[in-house]
Amino acid sequence: MQSRNILNFQGRMFRHYPSPNLLNNDRCDVFISHRSIDTKRTVSTLLYDHLRRLGFCPFLDNKTMKPGDKLFHKINNAIFECKLGVAVFSPRYCESFFCLHELALMLERQKKLIPIFCDSKPSQLRVNTAKLSVEPEELRRFKWALEEAKDTVGLTFNSSTGNFSDIVNCASEIIISTLMELEDEEKLPVAV
């Protein structure tokens, strides 16, 4: 099923874009928000690499950015331009200002979000104020985003018992199907 969805989506995508490898670096299909210390060497990078091999343009900070890039500028632009977001929630995700900023920005921009709960549960999502000092307005923003994420159906993965290949393939299938749905929605005429 995944290969059929990939071919269907790529056929549609190539009508709009000459080649995924020739595109502007700021355009991405999928923004992957993750806590590097927890998932850079596992789920996040494996998912990024898998999507790249399938011809998609995912954004993963340590793979997409290069020395000299302005951090907030590059991340914010990627979120503005992406079609959907993936948040890889891990035990230390909520300790990171950048992770929470990315999540909040994706939801504020009304991006479709696919949560992956890696070694964590939705009930465990809360801003870790012991590790993170933010202004009250930022704290409200982050708490709101985490509550929204808790109410979004996602994938769960336990790295001590699960197979990384399975979670990457499952997440890829969902991402591809969602991208196809979003593209179909864009084509619908707007009711006036």
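A crossing of two helices is called left-handed if the near helix is turned anticlockwise from the far one by less than a right angle, and right-handed if clockwise. In this predicted model, helix α6 passes helix α7 in a left-handed crossing. Local features here need pLDDT of at least 70, and side-chain atom pairs count only at pLDDT 80 or more, while totals for chains, interfaces and linings use all residues of the predicted model. Residues are numbered from 1 along each chain as its sequence is written, and side-chain values use heavy atoms, with hydrogens and water left out.

Helices (H or I, at least four residues) are DSSP runs numbered from the N terminus. With that naming, α6 covers residues 97–108 and α7 covers residues 136–150, and their axes come within 9 Å and cross at roughly 70°. The axes are lines fitted to C-alpha atoms over the stretch in contact, and angles run from 0 to 180 degrees between N-to-C directions. Angles under 35 degrees count as roughly parallel, over 145 as roughly antiparallel, 65 to 115 as roughly perpendicular and the rest as oblique. On that scale, α6 and α7 are therefore roughly perpendicular to each other.

Contact means heavy atoms within 4.5 Å. On the α6 side, the residues that meet α7 include Phe-97, Leu-100, His-101 and Glu-108, and their partners in α7 include Glu-138, Arg-141, Phe-142 and Trp-144. Sorted by class, the contact of α6 with α7 has 11 nonpolar, one polar and four charged residues. In this sorting, Ala, Val, Leu, Ile, Met, Phe, Trp, Tyr, Cys and Pro count as nonpolar, Asp, Glu, Lys and Arg as charged, and the others, Gly among them, as polar.

Charged pairs come next. A salt bridge is a side-chain nitrogen of Lys or Arg within 4 Å of a carboxyl oxygen of Asp or Glu, and by this rule the count comes to nine. One of them joins Glu-108 to Arg-141, with the closest N and O atoms 2.6 Å apart. This pair links distant parts of the chain, since Glu-108 sits in α6 and Arg-141 in α7, 33 residues apart. For exposure, buried means under 20% relative accessible area, exposed over 50% and partly exposed in between (1.4 Å probe, protein chains only). Glu-108 is partly exposed at 38%, whereas Arg-141 is buried at 16%.

An α-helix has 3.6 residues a turn, so residues three or four places apart point the same way. Both partners count as partly exposed, Glu-147 at 41% and Lys-150 at 24%. Elsewhere, salt bridges that share partners join Glu-108, Glu-138 and Arg-141 into one network.

Another salt bridge pairs Asp-49 with Lys-63, with the closest N and O atoms 3.4 Å apart. Asp-49 lies in helix α3 (residues 43–53) and Lys-63 in helix α4 (residues 61–64), so the pair ties together parts that are 14 residues apart in sequence. Asp-49 is partly exposed at 24%, and Lys-63 is partly exposed at 38%. The buried residues of α3 include Val-43, Leu-47, Tyr-48 and Leu-51. After α3 comes Gly-55, whose phi is positive, near 95°.

Finally, there is Thr-178 in helix α8 (residues 164–187). Thr-178 is buried, with a relative accessible area of 7%. Leaving aside neighbours within four places in sequence, Thr-178 is in contact with Leu-84, Lys-112 and Ile-114.

Definitions and conventions: Helix = DSSP H or I, 4+ residues; strand = E, 2+ residues; numbered from the N terminus.
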